[in-house]
Amino acid sequence: MTKCCTVTLPTEMRDVKIQNYINGEWAAPSSGAYLKNYNPATGMEIAPIPDSKSADIDYAVHAAKSAFPMWSNMPGVERAAILNCIADLIDQNCNILATLESQDQGKTVASAAAIDIPKCAAYFRQFANYITEGIRETESSMKLVCTTSSINKLVPSSQRATTQHVASGVAALITPWNFPLLMVCEKLAPCIAVGNTCVIKPTELTSVTSYLLTHILQAAAVPKGVVNIVFGSGVNAGEPLVKHRDVRLISFTGGSVTGSKVGALAGGLFKRVSLELGGKCPSLVFSDCDLEYAITTHVRGAYQNQGEVCLSASRQYVQRDIYERFLDGFRQQVRQEVHVGDPANPATFYGPVVTKQHMEKVTSYIRLAQEEGATVEFLVNPKDSVTNVSTGGRLTIEGLEGGYFIAPTLITNVSQGSRVMQEEIFGPVVCVLPFDTEEEAVQLANDTQYGLGASVWTEDPEKLERVMRQINAGSVWGNNWLAWDDCMPFGGMGCSGTSREHGPWSLEFYTETKALYTHTV
Ligand code: NAD
């Protein structure tokens, strides 16, 4: 049985030297090249990222393939002990992981410490429990008429059947930057719990905590080759991983355009693939809702994590008779309670967006709305140390002048067909429009290429149920937003994805299911 160790992680960003982790050892990329990386709050360079190529991927897949027979045959209870150990080490290092996640990604230390990092540990514990209990198999028995010794002779017979879930082999886990470590752990925990080995390709924009995880994996005595982490770009490292002949299964989370490429490649090579993609999530606020609670939740839904949440409540539709009251309350609450600034400050609600390029993308949508004649408001809190707000909404924060900050932006009087309403902006920008009837509300909510999440707000239970059931989205909340239950399926419809993961759905995705028929005479 595994004895859990302790681990010493670097506490300062300057001590972080990111290296690939292959076959239980750290290695420089074969190219010797590194990608630049920046702290989004300051714009200063931090730990460079290995620019790995196919040779590194080959090496990592080979290590994972070699480790597969040993790991998949290890009793579930022993794998579970290792997973629990990883969880303990994550919890013990929560503050370090949260601080460095913040410096790499821009999210507040407080939110990383309260949400991201504890959830990482929780995933390992959840799947350790599942695998200790074993995957529930389906059993069946039936009477048959079939041929036996003579090819033409039909005789009564019977048969027992059972399913068997088996590990698939080498998995590729490809992740985005908005919840860097969380997205890795959400996939890694179920993937290795059921006996797969893997190669992880974290996003090149926020790789620091995935690198720190390699130290935790080693301290938890994860056998060599079971988990390999190769850093680098989507084109140089991600694509060769997806195409690799020895990769049997791909779990991808990222944008819909990239997801479409990954899906096409993987499908053509008959690989099992899960695509968790973007969103443009509606919320429908009826006039008979608890308005105060709805406003508070919609402020959070719009701006939490800089609006860099695939489930952000980025399209808010409000019934016309409360529309102005909703907007007044929304503006007031944002101006009073949403502080934008230093992500290390516990009073900060949100920090900078992830990169300069992403800041330019978000502000280009704000400018587009202005050009189209929409009403664009920057709801800056007067207590924040903002020295300038650009026309595109970029904030200059005193002491953090090089940071990628964007004002809490409210867009109204925008047309439903505008790109601002139809495309994922993935920043602190929310569009609010009025509606009149229930039918119109449902039609507006479903007028999208996406289908990830939605919320509905009314005190009328029958209307709530009726409307929730008509919305085309993978997760729909009634009088709430982003209240997770990790035993429930998660995934999207349309351009938001093709699959369901979490809880038992992850156990299904990360295994192959066989049907075993036994003839019993
Ligand atoms: P992205 O699609 O640019 O990149 C995601 C990952 O794919 C990165 O690791 C990247 O290096 C890799 N990649 C890029 N090109 C590739 C290729 N050709 N082959 C293989 N891999 C490739 O996404 P992003 O900008 O990192 O993340 C933001 C997006 O992720 C948003 O659209 C957001 O909604 C979505 N997201 C979805 C969920 C969900 O669960 N549905 C969760 C978080 C984020």
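D246 forms a salt bridge with K65, with the closest N and O atoms 3.4 Å apart. The pair links distant parts of the chain, 181 residues apart. This is a predicted model. A search of the whole structure finds 20 salt bridges. Seven strands also form an open sheet with mixed pairing.

**The D246–K65 link**

- D246 sits in the loop between α7 (234-243) and β10 (247-253).
- K65 belongs to helix α1, residues 54-73.

**Other salt bridges**

- K243 and E239 meet through their side chains in a salt bridge, 3.8 Å from N to O.
- Both K243 and E239 lie in helix α7. They are four residues apart, about one turn of the helix.
- K243 is partly exposed at 43% relative accessibility. E239 is partly exposed too, with a relative accessible area of 30%.
- E423 and R419 form another side-chain salt bridge, with an N to O distance of 2.9 Å.
- E423 has a relative accessible area of 23% and counts as partly exposed. R419 is partly exposed at 44%.
- Which residues are linked in a network of salt bridges? D88, D91 and R125 are.

**The sheet**

- The strand order is β14-β18-β19-β13-β12-β20-β21.
- The edges are β14 (375-378) and β21 (475-478), each of which pairs on one side only.
- From one strand to the next, the twist averages 20°.
- Strands of a sheet pair through backbone hydrogen bonds, either parallel or antiparallel.
- Strands β18 (residues 409-412) and β19 (residues 429-435) run parallel and are joined by three bridges.
- I411 stands opposite C431 in β19.

**Helices against the sheet**

- Helix α9 (residues 291-303) lies across β12 (282-285), β13 (315-319), β18, β19 and β20 (453-457). Helix α9 runs at about 165° to β20.
- Helix α13 (residues 438-446) packs on the sheet as well. Which strands does helix α13 touch? They are β12, β13 and β19.
- The direction of helix α13 makes about 150° with that of β19.

Terms used: Residues numbered from 1 in each chain as written. Predicted model: local features only at pLDDT ≥ 70, side-chain atom pairs only at ≥ 80, totals over all residues. Heavy atoms only, no water. Salt bridge = Lys/Arg side-chain N within 4 Å of Asp/Glu carboxyl O. Helix = DSSP H or I, 4+ residues; strand = E, 2+ residues; numbered from the N terminus. Buried < 20%, exposed > 50% of the residue type's maximum accessible area, 1.4 Å probe, protein only. Pairing = 2+ DSSP bridges. Axes fitted to C-alpha atoms, helices over the stretch in contact; angles between N-to-C directions. Contact = heavy atoms within 4.5 Å.
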